[in-house]
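Hello,

Here is the structure I promised to pass on to you. Please have a look, and read my notes below alongside it.

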Amino acid sequence: MSAEKATGAALKVEGLTAGYGAGSQVLHGLDLTVASGEICAVLGPNGAGKTTLLRALSGVVRGRGTAELDGTSLLGRAPEEVARRGVAHVPEGRGTFTALSVEDNLRVGAYIRRDTAGVTAALDRVYGYFPVLAERRRQTAGSLSGGEQQMLAIGRALMLAPRLLLLDEPSLGLSPIITRELFRIVKAINKEERTTVVVVEQNAHLALETASRAHVLEAGRFVLSGGSAQIRADGQVAQAYLGYGI
Amino acid sequence: MSGFFQQVVLGLGSGAIYASLALALVLIYRFTDIVNFAQGELAMFSTYIAWQLTAAGVPFWLALPITLAVSFLGGVLIERLVIRPFEGGPELTVVIVTVGLFVFVNALAGLIWSFLVKSVPSPFPDGALDVGGVNISLQTLGTLGVVAAVMGLLFLLFQKTKIGLAMRAVANDPASARLVGIRVGRVLALGWGLSATVGAISGILVAPVLFLDPNLMGGVLVYAFAAATLGGFDSPVGAVVGGLIVGVAETLSGAYVDAIGSDLKIGVPLAIIVVVLLVRPRGLFGHAVVERV
C-alpha cells in the first residue's frame with residue numbers, strides 16, 4: 001500500500017509575478033521555498049494576492065518567474081498539465097462537481113491515475129479521514145453542507161496522490177469547530193501521506209498552529225517569513241500587517 | 001379504437017426519429033450549454049455520405065460504420081476548428097457560429113450533391129406486424145430499436161466508463177475538471193464527435209421516410225427542439241421521452257383535430273415549446289440550474 005502513496009515534493013519559487021492582464025499585476029516577485037513534506041501557511045489580508053499565488057502555481061492564471069516542484073517547472077502549463085505533475089489545487093469555493101455523487105467526485109479526482117488498486121486504496125483512505133463522506137457516498141455533492149463539501153474537495157485532491165497540495169481558504173464559511181477539525185485532518189494527511197501542503201488562510205491562529213513555516217503576504221509581496229512559532233512570537237509585526245492579533 | 005392505436009404507433013415511429021436528433025442536441029448542450037443549430041444539417045451531410053457510398057456500390061452495412069466514423073471525425077474537427085476559437089466567450093457568439101455553420105453546410109451539400117431529391121433505401125425490411133388489428137411496420141420497430149440502443153449505449157458510456165465520468169465532470173464544472181487533470185478540450189471534441197455520430201444515425205433513419213435533399217432535416221430539427229425542450233435540454237432520457245411524446249402528439253392532433261390537419265402539424269412542436277417554457281422551463285427530466293453563492 002505504501003508503494004502506491006506519493007510522497008511530497010519540494011517547491012521552489014523565485015521571482016514569481018502574476019496578474020490579470022496589463023496594468024493589474026497582483027504578485028510582484030515572490031520567493032518561496034517549501035521543503036518536502038512541510039506545511040507552509042500563507043497569511044495576509046483580503047486582496048493581498050494569496051489566491052492568485054495558488055492559481056499561478058496550478059496554472060489557472062499565468063505566472064512568470066520560476067516555480068519548480070522537485071525540479072519540474074510548473075509555470076507555462078495548463079492546469080490539467082500541472083495536475084498531471086502531482087499538484088492538487090483545492091480552489092476557493094471548493095470546486096465541487098455538484099451534480100455528481102460524492103463517490104463520483106472522488107473517483108474523478110483519480111482520473112489521471114492508471115493503478116486501479118491504488119485508486120481503491122486511496123478511496124478507502126479518504127473515507128477513513130472523512131467518515132461522513134462514506135455515509136453520503138451515493139448522495140449528490142450539491143446536497144452536502146459547506147463543511148462536508150470542503151471535506152469532499154480535500155478528499156478529491158487526495159485521490160490524485162498529490163506531491164503538492166494547495167488549499168485556498170479551507171475555513172471559508174465554516175464554523176470554528178468544523179474548521180478546527182478540518183485543519184486537524186490536514187495535519188494528519190500531511191503526516192501520513194507525506195504530502196507537501198501550501199495553505200492560504202485568513203484564520204492566522206489556526207494556520208500557524210498547523211504549519212511549520214509561514215509567510216505574510218501584503219499587496220503582492222512577502223513582508224514577513226519565518227517559522228510559525230517565530231511569527232506567532234512576533235505578534236506585533238503580524239498585527240500591523242494582518243490587522244488583527246494572533 | 002384500433003384506429004387510435006394505429007395513430008399512436010405512427011406517432012412513436014416519427015417520435016423515435018425526433019428523439020434521435022434531440023439526443024444529439026442534448027449531448028452538446030450538456031457539455032457546453034450551447035444549442036447547436038447546425039445539428040440537423042450535420043446529420044443531413046452525414047446522410048449524403050452514406051448515400052454516396054451506397055450509390056458507389058458499397059453495401060449498406062459497410063457504408064454505415066464508415067459514415068459514423070467520418071461523422072465522428074467531422075464533429076471533432078468542427079469543434080477544434082470552428083468552435084474552439086470562440087470557447088470561453090459569450091454563449092450567444094457560439095450559437096451564432098452554429099447558425100453560420102447551418103447555412104454553410106446546407107449550401108455545401110447543395111453544391112456537391114445538388115438540390116434534387118434522392119431516394120434512399122430503408123435499412124429495415126418491408127412488412128409489418130399485426131398486433132390486435134394495429135399495423136406496426138418493421139420500419140417503425142427498427143427505428144425504435146435503434147434509438148433505444150443508442151440511448152442505452154450512451155447511458156453505459158456516461159455511467160459505467162472512466163471517460164464517461166470525465167465527460168460528466170466537464171459538463172458539470174470545466175474549471176474544476178482541469179484541476180483534476182482532465183484535458184477538457186479533448187473531452188469537448190469527443191462530445192462533438194459523439195453528437196455528430198448520433199446525428200448521423202438520425203439522418204440515416206429519416207432519409208428513407210422523407211427523401212434526401214439538403215433541406216432534409218429542417219423540419220425534423222424543429223421537432224427535435226420541441227423534444228429536447230419537453231424532456232429537458234440536459235437529459236438524454238428526456239430527449240427520447242420528449243421525442244416520443246412530440247411524435248405522438250403531432251400524429252394524433254393531425255388525425256383528430258380538424259383545424260390542424262396535416263397542414264398545421266408543424267405548429268404542434270411550437271405549441272409544445274411555448275407551453276413547456278411557460279409551465280416547466282427545465283422540462284420533464286431536466287435539472288433546474290441552482291447556484292450556491
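Read along the sequence, chain B runs α-α-α-α-β-β-α-α-α-α-α-α-α, and its secondary structure comes to 11 helices and 2 strands. Helices (H or I, at least four residues) and strands (E, at least two) are DSSP runs, numbered from the N terminus. Chain A, for its part, has 10 helices and 10 strands.

A word on conventions. This is a predicted model, in which local features need pLDDT of at least 70 and side-chain atom pairs count only at pLDDT 80 or more, while totals for chains, interfaces and linings use all residues. Residues are numbered from 1 along each chain as its sequence is written, and chains are lettered from A and ligands numbered from 1 in the order in which they are written.

**Overall dimensions**

Chain B has 293 residues and a radius of gyration of 19 Å, which agrees with the value near 19 Å for a compact globule of that length. The radius is taken over C-alpha atoms, and the globule rule is 2.2 Å times the number of residues to the power 0.38. For chain A, with 246 residues, the rule gives a value near 18 Å, and the chain's 17 Å agrees. Along the principal axes, the C-alpha trace spans about 60 × 50 × 35 Å in chain B and about 45 × 40 × 35 Å in chain A.

Buried residues make up 46% of chain B and 49% of chain A. Here a residue is buried if 20 or more other C-beta atoms lie within 10 Å of its own, exposed if 12 or fewer, and partly exposed in between, with C-beta atoms placed from the backbone.

Beyond its neighbours within four places in sequence, Ala227(B) is in contact (C-beta atoms, placed from the backbone, within 7 Å) with residues including Tyr18(B), Ala22(B) and Val246(B).

Do have a look at H5(B) and H6(B) too. Their axes come within 5 Å and cross at roughly 85°, which makes H5(B) roughly perpendicular to H6(B). That label covers 65 to 115 degrees; angles under 35 count as roughly parallel, over 145 as roughly antiparallel and the rest as oblique. The axes are lines fitted to C-alpha atoms over the stretch in contact, with angles from 0 to 180 degrees between N-to-C directions.

**Where the chains meet**

In the interface, 21 residues of chain A are in contact with 16 residues of chain B. The largest share of chain A's side, 4 residues, comes from H3(A).

H3(A) is mostly covered, with 7 of its 8 residues buried. These buried residues pack against H4, H5 and H6 of chain A together with H6 of chain B. Among them is Asn105(A), which counts as buried with 30 C-beta neighbours inside 10 Å. Setting aside neighbours within four places in sequence, the contacts of Asn105(A) include Phe97(A), Leu152(A) and Arg156(A).

Best wishes

Definitions and conventions:
Contact = placed C-beta atoms within 7 Å.
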